[in-house]
Amino acid sequence: MVRKNIISVSLVALSCIAVVVACNKDFLEQDTTGLLTEQQAQSKKGADQFLIGSYAALKGIGWEGGGSNWVYGSIVGGEANKGSDAGDQADIVPIQQYVGLPVNNYFNVKWRALYEGIARTNATIRITNNLSASDISDADKKQILAEARFLRGFYHFEAIKMWKNVPFIDETVNVSNARTVSNEDLAGTWTKTLDDLKFAYENLVAKPSARGRINNWGAKAMYAKALMFRNGTGDIAAARGLLTDVIDNGTNSEGTKYNLAPGFHDLFNADRENAAEVRAESVFAYEASVNDGAGGNNANYDQVLNFPYNGGPGGCCGFFQPSFEFVNSFRTKDGLPLLDGSYNTGANQIKNDQGIESTVDFTPDAGPVDPRLDWTVGRRGVPYLDWGPHPGKAWIRDQGNGGPYAPKKNAYYRSQAGKLTDGTNWASGLTAINYKIMRFADVLLLAAECEMNGGSPAKALEYVNRVRTRAAVQVVPGAGVTYDVKPYPAGSFADATFATNAIRMERKLELGMEGHRFFDLVRWGVADVELNKFLTYEKAKLPAAYGTASFTKGKNEVFPIPQPQIDLHTSGGQSYLKQNPNY
C-alpha cells in the first residue's frame with residue numbers, strides 16, 4: 001500500500017460524511033449521502049474528518065473538473081491540444097477552439113468541483129465554530145479554521161480565474177435563497193477571498209500535524225499570488241514583500257527550508273518526490289495515493305486519459321498532446337531561449353515525425369534545446385523514462401488530430417507499475433505522482449515579476465537564474481540530442497522589456513503542462529495577442545483540430561458561467577447568476 005499523507009485517507013473518510021455534491025440539485029445543497037451528518041459530527045474528530053474531505057476536493061471531479069487544470073490552463077493556454085481522436089471527449093474541441101458554450105458539460109463539472117470544495121470547507125467551519133472549549137482546544141480550533149479558510153479561499157481563487165464573476169459563499173449563506181448566490185459583486189468576492197487567505201497565513205502554524213496540510217508559509221505564498229491576479233494588475237508591492245519573506249525564510253510543512261529540487265525531473269517521479277530535498281520545492285500540492293483501498297480514487301484521477309495511446313505507460317488514451325508551438329519554445333541559442341519568437345521559423349523549429357510511420361527510420365532533432373523539453377514532452381527517438389525510446393506514431397492515436405508528441409510529467413516509470421500505480425480501477429494510469437499546485441520555482445518566478453515592477457532587476461535576474469541553473473542538472477542521457485541551457489548574463493535585466501519577456505518565457509518552460517499558462521496570459525493582459533499568434537501557427541499544423549479558431553478579446557479571457565448553474569439559481573423568472581459578457 002502507498003499511503004503518503006493525510007489525503008490518502010480522504011475518500012475513505014468521505015464515505016462516512018455528507019459532503020458529496022448532488023448533481024441534480026443546487027450546488028450548495030448538501031443532502032445526507034452517508035452515515036455522518038454535520039449534526040452528528042460535533043466533535044474535534046468530526047471537524048477533522050470534514051477538513052480531510054475539504055482537502056480531498058483538491059483533485060476535483062473526474063477529468064472535466066480536475067484540479068490540475070490540464071484543459072483550462074494548458075490546452076486553452078496553447079501548451080497542448082486535446083489529442084486522441086476527434087470524437088473522444090469531444091466537448092474539449094470547442095473549448096480549445098475558444099467557442100465553448102455555457103451548456104458544455106466540462107464547465108459545469110468544473111464549477112461543481114470548486115463549489116463542492118467550498119461547501120466542504122463551510123461545513124468544517126460550522127462544525128468547528130459550534131464546538132465548546134471542552135470539545136477542542138483554542139490552538140486546535142484556530143488551526144482547523146485557518147486550514148479550512150485557506151482551502152475556501154483557494155477554491156474561490158480558482159473560480160475567479162475561471163469565470164471572474166463568481167459568488168463568494170461562506171458558512172453563513174442561506175442556500176435556500178437563490179438571491180444569496182448573486183455573482184455581480186466581483187470586488188466583494190475578491191475581498192473575501194483575500195481575507196480568507198490572509199487569515200490563513202496569519203493563523204496557521206509552520207509545522208502542521210501531518211504531511212499534506214497547508215502551513216503558514218504556503219498560505220502566504222498563495223495569498224501573494226492571489227494579490228498578483230487581482231483585477232488584472234494586482235498589488236505588486238504587497239506581493240513582493242510577501243514573496244521575498246517566503247523565499248528568504250519560508251519552510252515547508254516538514255520544516256525544511258524551501259529550495260529547488262536537485263533535478264527538474266525529480267519533481268515528477270513518485271519514487272523521488274517525497275525525498276526531503278525534493279519536497280523542499282513543494283509549497284502546496286494535492287498528495288496522491290494508490291493501493292490504499294480507495295479503488296484509485298485518491299490517485300491523480302484527472303490525468304488518467306493522458307498517456308500514450310497504444311503502448312508505454314497507462315495504456316490509454318492519447319490525450320493532452322503537447323503542441324508544436326510549445327515544443328519549439330525549448331529551442332536555445334547560446335544556452336538562451338529565442339525570446340523574439342523565431343523558434344517557430346525555419347530550422348529553429350524542432351524536427352518531428354509527423355506523418356512518419358514508426359517502421360521508417362527517424363533521427364530526432366540534434367538540438368540545441370533546453371533539457372526541460374525532454375522531461376516535459378515525449379518525442380520520437382528520445383527515452384521516455386525507462387520505457388525505451390518513444391517510438392513515435394505507434395504510440396499516437398491520431399497524428400492528424402493531435403500531432404506527434406505525448407505528455408510526460410504525468411507519466412510513471414515501468415519499474416513503478418503496480419507499486420506507484422493503482423491496479424484496482426479500470427485504467428493503469430492512476431498514479432501516486434503528486435500534483436504540485438504551487439512549487440518553489442513558481443514562487444521564484446512570481447517574485448521575479450514583482451522585482452521588475454518597482455523592485456530590483458538584479459534580484460529578478462537572480463531568481464530566474466536559480467531556476468535556469470537547476471534546469472541544466474541531470475539532463476536526459478543519450479539520445480544524441482544537444483542540451484544547452486545557461487543563466488542570463490549579468491546586467492541583462494537592465495532592459496525591462498527584455499526582462500519581462502524572459503520571465504514570461506521562463507514560466508512557460510519551467511511550468512509547462514502544469515495548468516498555469518492560460519491564466520498567466522490573461523493576468524498579463526496579452527492572451528489575445530499570444531493565443532492568436534499560437535493559433536496562426538498551430539492551425540497550419542493541425543487544421544482538423546483547430547479549424548477556424550480565434551481568440552476574441554473581451555470574451556475569451558474567461559469561460560462562460562455554466563448554464564445549468566444559471567438555471568438552478570432562477571427565481572420568479574429571474575436568475576441571480578449573470579452570464580459573462582458576449583456568451
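Which elements cover the buried residues of helix α17? In this predicted model, what covers them includes α3 (70–75), α6, α8, α14 (440–451), α16 (496–511) and α18 (527–541). The model is a prediction in which local features need pLDDT of at least 70, side-chain atom pairs count only at pLDDT 80 or more, and totals for chains, interfaces and linings use all residues. Residues are numbered from 1 along each chain as its sequence is written, and side-chain values use heavy atoms, with hydrogens and water left out.

Helices (H or I, at least four residues) and strands (E, at least two) are DSSP runs, numbered from the N terminus. A residue is called buried under 20% relative accessible area, exposed over 50%, and partly exposed in between (1.4 Å probe, protein chains only). Helix α17 spans residues 517–524, and seven of its eight residues are buried. These are Arg517, Phe518, Phe519, Asp520, Leu521, Arg523 and Trp524. Just after α17 comes Gly525, with a positive phi of about 75°.

Strand β4 (residues 282–286) is mostly covered as well, since five of its five residues are buried. Strands count as paired if DSSP finds at least two bridges between them. Strand β4 is joined to β10 (residues 435–439) by four bridges, and the two run antiparallel. Ala285 has Lys436 in β10 as its bridge partner.

**Enclosed spaces**

Rolling a probe the size of a water molecule over the atoms shows where empty space is left. A cavity is a set of points, on a 1 Å grid over the protein atoms alone, where a 1.4 Å probe fits but cannot get out; lining residues have an atom within 4 Å of a point. Grid points are joined across faces, edges and corners, and a volume is the space filled by probe spheres set on the points. The structure contains nine cavities of 30 Å³ or more. In the table, Ala, Val, Leu, Ile, Met, Phe, Trp, Tyr, Cys and Pro count as nonpolar, Asp, Glu, Lys and Arg as charged, and the others, Gly among them, as polar.

| Cavity | Volume | Lining by class |
|---|---|---|
| Largest cavity | about 230 Å³ | seven nonpolar, seven polar and four charged residues |
| Second largest cavity | about 180 Å³ | ten nonpolar, seven polar and four charged residues |

The second largest cavity is lined by 21 residues, of which Gly67, Asn69, Phe154, Glu158 and Ile437 are the closest to its centre. Its lining takes at least two residues from each of β2 (65–66), α5 (105–129), α6 (138–163), α8 (216–229) and β10. Helix α6 gives the largest share, five residues.

Ala148 lies in helix α6. Ala148 is buried, because its relative accessible area is 0%. Contact means heavy atoms within 4.5 Å. Leaving aside residues up to four places away in sequence, Ala148 touches Leu51, Thr121, Thr124 and Ile125.

Arg331 is placed in the loop between α11 (324–328) and β6 (332–333). With a relative accessible area of 4%, Arg331 is therefore buried. Beyond residues up to four places away in sequence, Arg331 touches several residues, among them Leu336, Tyr343, Asp365 and Pro368. The side chain of Arg331 reaches the backbone oxygen of Pro368 at 3.3 Å. The C-alpha atoms of Arg331 and Ser342, eleven residues apart along the chain, are separated by 9.4 Å.

Methods
1 Å grid on protein atoms, 1.4 Å probe; cavity = no way out; pocket = protein on both sides within 12 Å on 5 of 7 lines; lining within 4 Å. Polar contact = N/O pair within 3.5 Å; in protein donor to acceptor, adjacent residues only side chain to side chain.
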